[in-house]
Every structure is written in C-alpha cells, then in structure tokens.
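The sequence and model are shown first.

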Amino acid sequence: MSDTLITVENVSKKFCKSLKSSMVNGVKDAIYETLQLPGKNDALRKDEFWAIQDVSFEVKHGECLGIIGPNGAGKSTLLKMLNGIILPDKGKITIRGKVGALIEVGAGFHPMLTGRENVYINGAILGLSKKEIDRKFDDIVSFAELEDFIDMPVKHYSSGMYVRLGFAIAVQMEPDILILDEVLAVGDIRFRANCFNAIHGIMKKTAVILVSHSMPQISRICSGVMVLNKGIPCYCGSDVTRGIDEYHSLSATPSISLIAGSGKATIHDIQLESDGRYDSDTIAYPGSLSILLDVTVDPSVRFFGIGIAFLGPDLQPVAHCHSAFHGGQFTNTGRRMRIVVNINSLSLNPGIYSVNVGIQADKLGEILIRHINCKTIRVTGDFCGFAPVQLQGAWLTEDYLSTHRRQLAAYP
Amino acid sequence: MHSTNKLKETIYAPDSMRRLGIVRVWLVMWRELWAARELVFRLFYRDVSVRYRQSILGYVWAVLPQIVTISIFAFLASRRVFPMGETPIPYVAFALWNLSIWQLFSSCLIGSTTSLVRAGSLVTKINFPKQTLVISSIGQALFDFAIRLFPVSVVFVWYGIVPPWQALAIPLILIPMVLMALGMGFIFSIANLIIRDISNALGMVLTFGMFLAPILYPPPIREPFILVNTINPFSPLLIATQDLLSSGEILNVEPLIGATLFAFGMFFLGSYVFYVTLPRIVERA
C-alpha cells in the first residue's frame, strides 16, 4: 500500500507576459477545449514563458514539504495547480484525498458579513455541510481566539484576525492534504505558535505543503524542502538545511552598501582575515575572524568605540561585537589609526551574513560613521542548525562526570 | 493505521477535461453541483442578506423602483403621451407585467455574467465547484421577481383584472426563460473573466434589446416586426405569458416551441463550455 498523497510528475506551466496576447490565447484555448481538440499546450506562443518547468516530487502523509524560493519563483502557481484551480500545461499531478488550501488569506470572506456567517459560507465553499460546521464551530472560534468578535462584520477585522479565522477553518476541516501559502507570516507570535502546534497535530494523518519566506519556520516544521528559482527546481530533498543554504545563495544578499552617520570619522579600509587567510570571505565553522580597520576620527572627538554587527539573510542582526562591551574605548590620536578586532570562534550557523561596522563617540554616543553591509561573509560547515548562532559547548557523559567530579567542582 | 486506499484520487493533467468526454462533463458537473447544493443556497442567502445590510430602507429598495416605474406609466397612459395600440389588458398592467418578466430575464443574464468577476479571489484562489456561483446569482433575480409580483398584483386588483386559471402555467414558461439566461450567462461569465467588455456591452445590448420584444408595445401585427419577434428567442416566451395572463390561450405555438428548444440547447451548451474552459480561463483572470 502506498501512502503517497501527492505525486507531481514533470509538471510545467506557462504564463503570458502581455495582457493582450493573454486574451487572444485565452479565447483560442477556450475554443480548443470546447471542441475537445488537443491544444498547443507544450510549446510557447508569443509573449509566453515557463512559470514552472519540469517539477517532480512526492509527498506522503506525515510529511511536510516546504517550498522556498525568491519572489516570482512559481511557488504560488505550483500550489494553485496542486489545488486544481489551474491545470498544468505538461506533466501530471495525482492527488489522493481531500485538499484543504489556504492560498490567500480571507479569500471567500465577505466583508459585510459577520465572522460567524463567514465561517458557515467559507466552510460550505470548502465542502463542509452545515452539520459539520455546527460541530466544529466552537473549535474554530476558540482556535482563532475570536470569541468576542465573531458577530462583528469581518470588514472591521484586523489582518491578523482574518488569517486566524481562515487558518482555523482550513485546519478544522480535517484535510488529507493541507496547502499553506505564506499565510502564517501575518499572525502574531502567539498565533504562529498555535499554528505550528496545529500543523504538528494534524501532520500524522496529513501531507502538508508550506510556502514560506521564513527559514526558521521551514526548518522547524518541514521534513523536506524544494527550492524553486524562476520555475526551475534547484534542490528537492529531505536535507532541509541544504535546501535553505541553496535558497540563501539564490537570494543574494543586497549588494548595495551604504555609508551613514555624522561624518566625523572615516573608515579608509576594512579587511577580513580568517585562520591566516587574508581578505577571505569564507570562514569554516567555528573559525576565527579578524577584522582590520583603517580609520581616522575627527580631533573634536576624544574617545570612541567601534561596533561590528552580523546580519542574517533577512537583515536581522544575529550577533554584535562592540568595543564598549569588552574593555572600553579608544583614545583618539587625531591621526590615521589601524585597529584590529579578533573574534576567536565565530559560532555563527553556516550561511551567509552581512557585516556592518560603526564608530560611535564615547561609549554609545553619537554615530560618527556607519558602513552598512560593507562585507559579506560565508560560514561553511558540515552541520547546519536552524538558529543563527550555534553555541560551542563541551558535552560530557555520565562516565566522564563520575571520574572527573573533583575537577568539575574546581570550576567556579 | 490511517488507510489511504479509500481516498478519492484526482488527476490534474493538461488533457483532464478532454479525457472526460462530452457526456461525462455534464454528469460530473451536475454531480458536483448536487453535492454543493447547500453552498448554492448559502451563496444566494449571502447575496440577498448582504445587499440591503448597510441601508436604511432595506428591502423597500426591491420594490421602490417598480413603484416609480408604475407611476410614470400611469401618468403617461392617462395623458396619452404616446399611442400604444390595442393591448389585451389595460396598458399599465400590461407594461408592468412585461417589464417584470424582462427584468427577470435581464437580471438573470447580468447577474450570471458578472458572477465570476464579482467573486474575485474566490475564483482564482479557491478550488470549489464554481458553477455554484453562476447558479446562485440567479437566486437574486428570482427573489427580486417574487417581490415585484406584489406591486404587479396590486395593479391587477386595481384594474379588476382576473387572470384565467391557465395563468398558473406561467412558471412553466419562465423555466426555459431562466435557463436560456443561465446558458448565455455561463458563457458570458467565463468570457467576462478575460474580456471585461462583455459586461459593459451586455448592459448596452439589453437596453436596446428591450425594444426588440413586445414589452412596452403590444405584439406586432405587421412585417418586419413580426419577423424580429420570431427571431428574438425571448419574444415568444414573453408573448406566451401575455396570452396565458389575458385569454388563457397560446396563439402561436410554433415560435414558443422553437424558443423553448433554443433555451434548453443554450443551457446545455453554456454549462458545458463553462465547465471545460474554466481552468484555462482562470489562469488568465
């Protein structure tokens, strides 16, 4: 017995760039379908391009496939085909069981109707009978945490409330296949946590497909990942971290570097050194990193401090190294100064990071200059975790502890 | 252990629709519709309940335009502004009845034509039997018709017109009329998704089309107007309701049969075209 719920075989889909050609082709396609003639699905016509090209994968129940890729990679198109809203132009999709999909938040909600009325209508659209909705209504409302607002017209809902209600209905319909398109991003932390629990809860008997731009989300729930770029799958497999790495290398970090600040300091040069290699941007986890700075600070500033920030691919700061934190500040000589900072073990998770360097007056005073995104570093390693920092720990077993108890006790 | 053997298998491929074959398309389509009958009712209920929700007069709006129209006709008729010719029942009642029938037809047609565009992201983002959208849009027109019958009957009572018992057969004439509007609406709604001219043009054509049927004037007795009314598939149906309402006897049976056959044909063709072309059109909507 096979428990594969979704089988996608060599699926391709083309779209049209021009509205006019799209209208013409649409009429042609409609005539071909009406007359039951085989259309010209497999060749590109004028203004057309492949939005999805030769995609194949399988999802069994109990699995969660994450689909990641830059904007316009064809993720939503793929989901629409899986849901049967549009047909592929090549290939074949086999779906077994009931599909619950949340492709757009609040699609099918009528703004004038109350939350309660919308639950019934949306439930009916998703194929539930009134009895079934009656039975699940309280669960839906309590999951969405909308007890106080369920009789308010949804046009007054916040976007978070919309998502909560939409997600609650999709999950409560107990689908065999759950398709989620980037919907969880809108909810607050508490709701997202609830969603994860709900997805984990139904995953035992469900196949889940999830599109997201949040890599922590993907690495937390997905058992497999597919990376799409311009409609072409560049990675598909169960090595989620490798997939995420692939995705990061696709969405090249913004190459624009900015210089900001009051201008009372100048950074002439920034160089990186790792394990004896100069000007290398690759660091093997948990290697050392030295940053060499060549700076001039305006004589009006007597003391200054330097901060170095490491930013993840989503431009979230993940680590900071500031001189004020470890022994103070530099005294301005008024001349060009060479300053080096050594970071002994850079325990950043393998991936790509951008570096910001800033000089501040005194400890954390006026920002004299800040170089944003001045360097990009790539941390490599065999292992890739899902948090941006992988702390280095000393791992001891029980045997070790019993023989070395005295030594351990010596630690302060 | 959760068994996947009994799960329904669905295959999506470029030739999904072609492989169904012409006859099975209908079977599948109506089976889907039957399974979603509750949804049809809910969508209809939604449209009706939403329509007058943010309004003070509410359902009065369903009859108010009709009352205004009656007043205008009554005024024009009393002053003999335009010569009407002989009508089988007093002109005001005659025109009002015809207008109600015409509005039933035209609002069915407009409602179904715009149904998919009005549904917005529902069509492009959710998979469900979309024929329910078109079918339920008819509900609004039928509901309005039912409400309009009230001022119509007031006028009939006012003039002391007692329709013969044969008038009870009028719903049998209305069925092909609604199906004809639906059949056209099925095709237009699809076309309207990619070519928005359709709904704009439809409003214009219907305004003009109103004068191609004996609505504000009695059934013609001269060529070429007889010809126009024979070709226009709406006219024989309308004239049949007039006959049933006045004399109780249908005078011209052949055009009525022709129009009825046309209506059913239109309905089957429209629903078929709708179902097989929808996925191809939705991707461009």
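In chain B, the axes of helix 2 (residues 22-35) and helix 12 (residues 253-282) cross at roughly 85° and come within 10 Å. Axes here are lines fitted to C-alpha atoms, for helices over the stretch in contact, with angles from 0 to 180 degrees between N-to-C directions. Helix 2 of chain B and helix 12 of chain B are therefore roughly perpendicular to each other (under 35 degrees is roughly parallel, over 145 roughly antiparallel, 65 to 115 roughly perpendicular, the rest oblique). Helix 2 of chain B makes the contact through B:Val25, B:Trp26 and B:Met29, and helix 12 of chain B through B:Ser271, B:Tyr272, B:Tyr275 and B:Val276; residues are in contact if their C-beta atoms, placed from the backbone, lie within 7 Å. Six residues of this contact are nonpolar, one is polar and none is charged. Nonpolar covers Ala, Val, Leu, Ile, Met, Phe, Trp, Tyr, Cys and Pro, charged covers Asp, Glu, Lys and Arg, and polar the others, Gly among them.

This is a predicted model, in which local features need pLDDT of at least 70 and side-chain atom pairs pLDDT 80 or more, while totals for chains, interfaces and linings use all residues. Residues are numbered from 1 along each chain as its sequence is written, and chains are lettered from A and ligands numbered from 1 in the order in which they are written.

| Property of chain A | Value |
|---|---|
| Radius of gyration (over C-alpha atoms) | 27 Å |
| C-alpha box along the principal axes | roughly 85 × 60 × 50 Å |
| Buried residues | 41% of the 412 residues |

A compact globule of 412 residues would have a radius of gyration near 22 Å, by the rule of 2.2 Å times the number of residues to the power 0.38. Chain A has ten helices and 20 strands, which are DSSP runs (helices H or I, at least four residues; strands E, at least two) numbered from the N terminus.

Between the chains, 46 residues of chain A are in contact with 41 residues of chain B. Helix 1 of chain A gives the most to the side of chain A that touches chain B, with seven residues. That side has 21 nonpolar, 14 polar and eleven charged residues.

A:Met23 is in helix 1 of chain A and touches B:Ile194 and B:Ile195, leaving aside residues up to four places away in sequence. A:Met23 counts as partly exposed because it has 17 C-beta neighbours inside 10 Å (20 or more is buried, 12 or fewer exposed, in between partly exposed).

Notes. Contact = placed C-beta atoms within 7 Å.
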